[in-house]
Amino acid sequence: MPRTAGTQALSKSEKVYQELHARILSGRYASGYRLVLDQIAREFGTSPVPVREAVRRLEAEGLVTFTRNVGAQVAGINTSDYANAMQTLAYLEGAATSLAASHVTPEQLEDAASFNAEMRRMCEGTLDPVRFTELNHRFHWALCENCPNQHLLDLVKREWQRMSGIRRSSFTFVPGRTLSSVDEHDRIIALIRAGASQEEIERVSRDHKLRTMTEYVTSRPES
């Protein structure tokens, strides 16, 4: 069946949407960055129509704002939403990590240690907040993916998705948090290897997330 012009336009709109979405979430397009439709259209080799459709979707998701005489801009991070999501994630992820602790395989522990070692090297060299955040996510997933409570794990995934919607790495704004975060990761691994109690693993994992939240919020006096 031949593709119609509408189908082709939708395909182009989806391509533009996915790329702009990725650039915003990664921090490549920071808060206040202007999305010039004609310029984006030229970059993607398309008309402004698919770009406009993509930007409208981003606006509906709260990632972009549109102001008369200014145009489309990347929205700022809502600090209250960030704090609420991080607090929720701290309790959920702490519980999932503690329940998974006795089910973590040696390979998963080695993976987590490897991710953390790369994060530590980054702390000692040039920090890439986006890569650091990716490694941080992979570290925590390695330690909680074997959680026997699938419902709890689904909730963790949902909050991770919510954090992506709020977007970007908090380490961009609190780079001084990176090294202490890595040290806390090492402690979590050590507790799991030592067969520590679920209560202690949960508390340390929860406090780890809450410290990141607190440092980010206190670094944003305008909130």
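Some notes on the model. It is predicted, so local features need pLDDT of at least 70 and side-chain atom pairs count only at pLDDT 80 or more, while totals for chains, interfaces and linings use all residues. Residues are numbered from 1 along each chain as its sequence is written, and side-chain values use heavy atoms, with hydrogens and water left out.

Now helix 8. Helices are DSSP runs of H or I, at least four residues, numbered from the N terminus. This one covers residues 177–193, 17 residues in total. From first C-alpha to last, helix 8 reaches 25 Å, close to the expected 24 Å; the expected span is 1.5 Å times one less than the number of residues.

Among the buried residues of helix 8 are Ser181, His185, Ile188 and Ile192. Buried means under 20% relative accessible area, with a 1.4 Å probe and protein chains only. The buried residues pack against helix 4, helix 5, helix 6 and helix 9.

Take helix 9 (198–218). The axes of helix 8 and helix 9 come within 10 Å and cross at roughly 170°. Axes are lines fitted to C-alpha atoms, for helices over the stretch in contact, and angles run from 0 to 180 degrees between N-to-C directions. That crossing makes helix 8 roughly antiparallel to helix 9, a label for angles over 145 degrees. Residues of helix 8 that meet helix 9 include Arg177, Glu184 and Leu191; contact means heavy atoms within 4.5 Å.

How values were computed. Helices (H or I, at least four residues) and strands (E, at least two) are DSSP runs, numbered from the N terminus. Buried means under 20% relative accessible area, exposed over 50%, partly exposed in between (1.4 Å probe, protein chains only). Angles under 35 degrees count as roughly parallel, over 145 as roughly antiparallel, 65 to 115 as roughly perpendicular and the rest as oblique.
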